[in-house]
Structures are given as structure tokens and as C-alpha cells.
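Please look over the sequence and the structure shown here before reading on. The briefing that follows is about how two parts of one chain meet.

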Amino acid sequence: MLEHTTVSTRGPEGKVLVVWIVFEKRAGQKVSGESLYVLFGSQFLIGREEGCEIRIMDDRISRKHCLIKFSEEGIRLTDLGSTNGTYRNEQLIEDEIILSTKDKIDLGHAVTYRVRLCQRADKISSVRLSSQKEVYLLAGSEILLGKFTEESRDVDLMIYDPSILVKHCRVEHFYNDNFIISLSPDAPVRVNGKPVKELGLKDGDLVELGNTAFRWKIISLT
């Protein structure tokens, strides 16, 4: 049984920055328990031992279970010789594969993630992994935030709120800093109650898009 899942700030390439987005209001309604992790980088190690970017505390998960990596060909998933295996759509992965949207990834029969790929300009910008307990957004150097639509394939973080623009703002990651940029002067993002065109985000900032608000919580390693 899945006991606990955490996010480590130390990955296979050393220092990384992880952001925890915690929603406080969505479409004008107060919410609790809605959150997701955003991890910026080029590769992400999943396993049980300390040092994995996604750490799953379950004995069925190997210490270093699998690796997700951005590449020119797409998003690669590699099993790292795990004891209980990595499965895509119930098929055991024996080598490296390229992920697709709607794939179901089963790690050691302990946790299953649904996959959504976001693509802009013929390049994958992010991978969304959703389980029953957590949501992870694995991104390269930026994420685009906007209103949920069935047709949208290029918005990384879609939010159910009709007051939000289809493409409302973006967050750019540069070293250990994150900058939020409004994409329309008619609908600026508000940070701690003030409208902004561009601003560096800090731990604990309250970000508002339309009638939705979330806390930007930074987990960093120095």
C-alpha cells in the first residue's frame, strides 16, 4: 500500500527547485486540499531513496525505480532495473520508451499515474503525472497557465475558471528564480493583491488569476 509520497529537492543532476502550488480559491469558491507540484528540469528520478525528485515511500518501489527525461524525440521513460517493474498500459517496460498522452504508468503495482503531454511549437513543454493522491507537472524552462478547454493542447496548467483567459500568464524558470508574466494588459495577474506585468515570485506569494487564487510555495536546496 502506498504510504507516503514526497518531493525531494535533490535530483540526478544536483540542485533543483520544486514549487508546490496550493489552491485557496477557484472560480470564486474557496477550496481546500487542491494542490500540485511543479518540477523544473530536464530529467526526473523516481524511487524510494533520498535524492529522488519524486520519492515514493513504499516497499514495492525500488530505491531508484525509473527515470523520466526530456529529449529531442519526446519524453523518455526508462526502468532502472526495478524489482517489481514499470508498466505502460499494463505492459512491462523492458527498455526505454517514449511517453504519450493518456498513457497509464504503473510503478511496481504501488502507484499508477495518468500521463498528459503539453506541446508548443512542435516541442514537449511539460509532462503531467496524475495519481489518486498527487499531481506532478514536470516542465522544462517555463509553464503556461490558462483556462481549461477541451481543445487546448499547449497550456501546461489549465484551470476551471471562466474568468481566466485561455492563455492568461506564464512562469519562466531561470536558475533558482521564477518570474510570472501577464499575457494581457486587460487581465493582469495579481500577486499579493497588486496587478503585475512581470514579477519575480517568492515563497508564500498569493497569486490570483481571474477568480482563482493559489499560494506559490518554494522548496529549495542550497
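**Where the two domains meet**

In this predicted model, 34 residues of domain 1 are in contact with 41 residues of domain 2. The domain assignment of the protein chain places domain 1 at residues 16-120 and domain 2 at residues 124-217, and the centres of the two domains, taken over C-alpha atoms, are separated by 20 Å.

**Buried area**

- The size of an interface is often expressed as the accessible area that is lost when the parts come together.
- Between them, domain 1 and domain 2 bury about 3700 Å², and 63% of this area lies on carbon and sulfur atoms.
- Of the area that domain 1 buries against domain 2, 21% is supplied by Phe40, Arg116 and Arg120, which is more than any other three residues supply.

**Polar and charged links**

- Between domain 1 and domain 2, the count of residue pairs in polar contact is 23, and the rule finds three salt bridges across the interface.
- Arg120 forms a salt bridge with Glu142, in which the closest N and O atoms are 3.4 Å apart.

**The side of domain 1 that touches domain 2**

- Strand E4 (17-26), strand E6 (35-40), strand E9 (66-71) and strand E15 (111-120) each supply at least two residues of this side.
- The residues of this side of domain 1 comprise 23 nonpolar, five polar and six charged ones.

**Confidence**

- The protein chain has a mean pLDDT of 91, and 91% of its residues reach 70 or more.
- Over residues 9-14, however, the pLDDT is below 50, although this stretch has 20 contacts in the model beyond near neighbours in sequence.
- Where pLDDT is low, the predicted coordinates should not be read in detail.

Conventions
Residues are numbered from 1 along each chain as its sequence is written. This is a predicted model: local features need pLDDT of at least 70, side-chain atom pairs count only at pLDDT 80 or more; totals for chains, interfaces and linings use all residues. Side-chain values use heavy atoms; hydrogens and water are left out. Domain bounds come from an automatic or database domain assignment. Contact means heavy atoms within 4.5 Å. Buried area is the accessible area (1.4 Å probe) that two parts lose on being put together, summed over both. A salt bridge is a side-chain nitrogen of Lys or Arg within 4 Å of a carboxyl oxygen of Asp or Glu. A polar contact is a pair of N or O atoms within 3.5 Å; within protein, one must be able to donate a hydrogen and the other to accept it, and residues adjacent in sequence count only if both atoms are side-chain atoms. Helices (H or I, at least four residues) and strands (E, at least two) are DSSP runs, numbered from the N terminus. Ala, Val, Leu, Ile, Met, Phe, Trp, Tyr, Cys and Pro count as nonpolar, Asp, Glu, Lys and Arg as charged, and the others, Gly among them, as polar. pLDDT is the predictor's confidence in each residue, from 0 to 100.
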